[in-house]
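Dear colleague,

I am handing over the structure below, and after it you will find an account of what was found. Please read the account with the coordinates open beside you.

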Amino acid sequence: MVMVVYPGSFDPFTLGHLDVVRRAAALFDVVVVGVASNLAKSPLLPLEARAELAGIAVRDVPGVRVEVVPGLLAEFCRLRGADAVVKGLRGGGDYAAELPMALMNRHLGVETVFITADPVFSHISSSMVKEVARYGGPIDDLVPEAVARRVRAAVADRAG
Ligand code: PNS
């Protein structure tokens with residue numbers, strides 16, 4: 001049985017993330033979506049909400065579950081007995097950002113496998129979704145329905 005962890009901030013979980021999850025699930029027996037903190041970012045949604053929304057988004061994909069990563073990703077992978085980390089790549093910018101993390105995670109004991117994102121989703125990022133939502137733009141075809149509702153509410157909360 002091959003288990004992989006697909007980590008990210010998922011602030012929020014997008015249709016691009018869902019595409020990577022689906023394709024990872026077709027390759028590996030178990031995919032754990034690991035919702036983690038990125039110390040370089042200050043999230044719109046709390047960790048638990050991000051995990052809940054990721055869980056709703058992947059509930060129909062067999063072999064996939066969602067967990068919060070409470071600390072170091074490599075340690076989480078070791079404790080779960082995961083074989084590798086999976087990440088999605090939309091282009092060179094993603095590769096530049098992901099390579100140092102992949103090298104550090106290998107140093108810490110876990111390899112990374114990259115899945116190339118479907119170009120249909122390459123314009124979608126969590127930060128762009130938040131920006132469009134903050135300006136009142138439509139995000140319904142960028143994220144799952146439950147995510148769109150929660151992002152709109154969080155943005156309205158912050159504005160109010
Ligand atoms: O979606 P992101 O923000 O690019 O994901 C980055 C994330 C959350 C996967 C990364 O920051 C992470 O692994 N955080 C957990 C703590 C950790 O292990 N940091 C060292 C990474 S080399």
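A word on exposure comes first: a residue is called buried under 20% relative accessible area, exposed over 50%, and partly exposed in between, with a 1.4 Å probe and protein chains only as cover. By that rule Arg90 is partly exposed, because its relative accessibility is 38%. Please keep in mind that this is a predicted model, in which local features need pLDDT of at least 70 and side-chain atom pairs count only at pLDDT 80 or more, while totals for chains, interfaces and linings use all residues. Residues are numbered from 1 along each chain as its sequence is written, and side-chain values use heavy atoms, with hydrogens and water left out.

The sheet

Helices (H or I, at least four residues) and strands (E, at least two) are DSSP runs numbered from the N terminus, and two strands are taken to pair if DSSP finds at least two bridges between them. On that basis five strands form an open sheet in the order β3-β2-β1-β4-β5, with parallel pairing. Its edge strands are β3 (64-68) and β5, each of which pairs on one side only. From one strand to the next the twist averages 30 degrees, where axes are lines fitted to C-alpha atoms (for helices, over the stretch in contact) and angles run from 0 to 180 degrees between N-to-C directions.

Strand β1 (residues 3-8) is largely enclosed by the rest of the structure, because six of its six residues are buried. Met3, Val5 and Pro7 point one way from β1, whereas Val4, Tyr6 and Gly8 point the other way, and all are buried. Six bridges join β1 to β2 in parallel, and Val5 has Val32 in β2 as its bridge partner. Towards β4, two bridges join β1 in a parallel arrangement, with Ala84 in β4 as the bridge partner of Val4.

Further out, β2 (residues 30-35) runs parallel to β3 and is joined to it by five bridges, with Val33 opposite Val66 in β3. Five bridges likewise connect β4 (residues 84-89) to β5, again in parallel, and here Gly88 stands opposite Ile115 in β5.

Two crossovers were identified. A crossover counts as right-handed if, with the strands pointing away from the viewer, the path from the first strand over the helix to the second runs clockwise. A right-handed β-α-β unit is made by β1, helix α1 (residues 15-27) and β2, and another right-handed unit of this kind consists of β4, α4 and β5.

Salt bridges

Side chains of opposite charge can pair when their charged atoms come close. A salt bridge here is a side-chain nitrogen of Lys or Arg within 4 Å of a carboxyl oxygen of Asp or Glu, and a search of the whole structure finds 10 of them.

Which parts of the chain does the salt bridge between Arg150 and Glu52 link? Their side chains meet at 3.0 Å, N to O, and the pair links distant parts of the chain, with Arg150 in helix α6 (residues 145-159) and Glu52 in helix α2 (residues 47-58), 98 residues apart. Arg150 is partly exposed at a relative accessible area of 29%, and Glu52 is partly exposed at 41%.

Lys87 and Glu98 also meet in a salt bridge, at 3.0 Å from N to O. Lys87 lies in strand β4 and Glu98 in helix α4, so this pair ties together parts that are 11 residues apart in sequence. Lys87 is buried, with a relative accessible area of 14%, and Glu98 counts as buried at 12%.

Arg90, already mentioned, forms a salt bridge with Asp94 at 2.8 Å, N to O, and Asp94 is buried because its relative accessibility is 16%.

Leu72, Met104 and Leu108 make a nonpolar surface patch of about 280 Å². Patches are made of residues with over 30% relative accessible area and no salt bridge, with like charges joined within 9 Å and nonpolar side chains (Val, Leu, Ile, Met, Phe, Trp, Tyr) within 5 Å; accessible areas come from the Shrake-Rupley method with a 1.4 Å probe, and for residues only the protein chains shown count as cover. Leu108 sits in the loop between α4 (92-107) and β5 (112-116) and is partly exposed, at 39% relative accessibility.

Finally, Ala146 lies in helix α6 and counts as buried at 16% relative accessibility.

With kind regards
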